[in-house]
Amino acid sequence: MNIWQQFEKRPDKDIKDHGISFHYEKGIELVLKKQYVDFSGWLRKNYCFPVHINIYILNQEKVKLSSGVWAYGSFRWFENRPPRIKIPSKIEYDLLSEYTYDEIYEQILSSLVHELTHYFQWVLRLEQSNAVSERQANYYRYRIIDKYKKEKSVHNVNPL
């Protein structure tokens, strides 16, 4: 089952789209924020979000999960308000010796895709183990980014 494909916008599909909202903390690099804006526009154009989702772009290197573990992203849902995703977006400058800025931006956007996959799993109410959910989210993280880059390159726009 292709989770993302189930939420693609197509004329023959009627999925209510309640949307996706991005919220940025102060201090996010302008180039990275532009990457998010471009990517969020592509997401809105191509996918439906049947339950409104808030995305918080944080000016920190990692987020603390409810388990106390530090991670590169988190997805949480609630009974009485929209679910949320938190993505840390502060550049770890020591990584620049190993990666280019574009590679780092791609890693950050792929963390967002990973968490959005968890959102789609939640919307579909998939009953699967955490290990399976994580493997699925990791599977899509680069496939969706590759799809985005491919579509942007067709339009002669540098996606990353």
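1. Basis. Because the model is predicted, local features need pLDDT of at least 70 and side-chain atom pairs count only at pLDDT 80 or more, while totals for chains, interfaces and linings use all residues. Residues are numbered from 1 along each chain as its sequence is written, and side-chain values use heavy atoms, with hydrogens and water left out.

2. Strand β2. Strand β2 covers residues 53-58; strands (E, at least two residues) and helices (H or I, at least four) are DSSP runs numbered from the N terminus. Of its 6 residues, 5 are buried, so β2 is largely enclosed by the rest of the structure. Buried here means under 20% relative accessible area, with a 1.4 Å probe and protein chains only.

3. His23 has Tyr56 of β2 as its bridge partner. With helix α1 (residues 30-46) included, β1 and β2 form a left-handed β-α-β unit. The handedness convention calls a crossover right-handed if, with the strands pointing away from the viewer, the path from the first strand over the helix to the second runs clockwise.

4. Strand β6. In β6 (residues 84-88), 4 of the 5 residues are buried, so this strand is also largely enclosed by the rest of the structure. Its pairing with β2 is parallel and has 5 bridges. Ile55 is the bridge partner of Ile85, and Leu58 that of Pro88.

5. Strand β5. Residues 74-76 form β5, which pairs with β6 in the antiparallel sense through 3 bridges. Arg84 in β6 stands opposite Arg76.

Technical notes: Buried means under 20% relative accessible area, exposed over 50%, partly exposed in between (1.4 Å probe, protein chains only). Two strands pair if DSSP finds at least two bridges between them.
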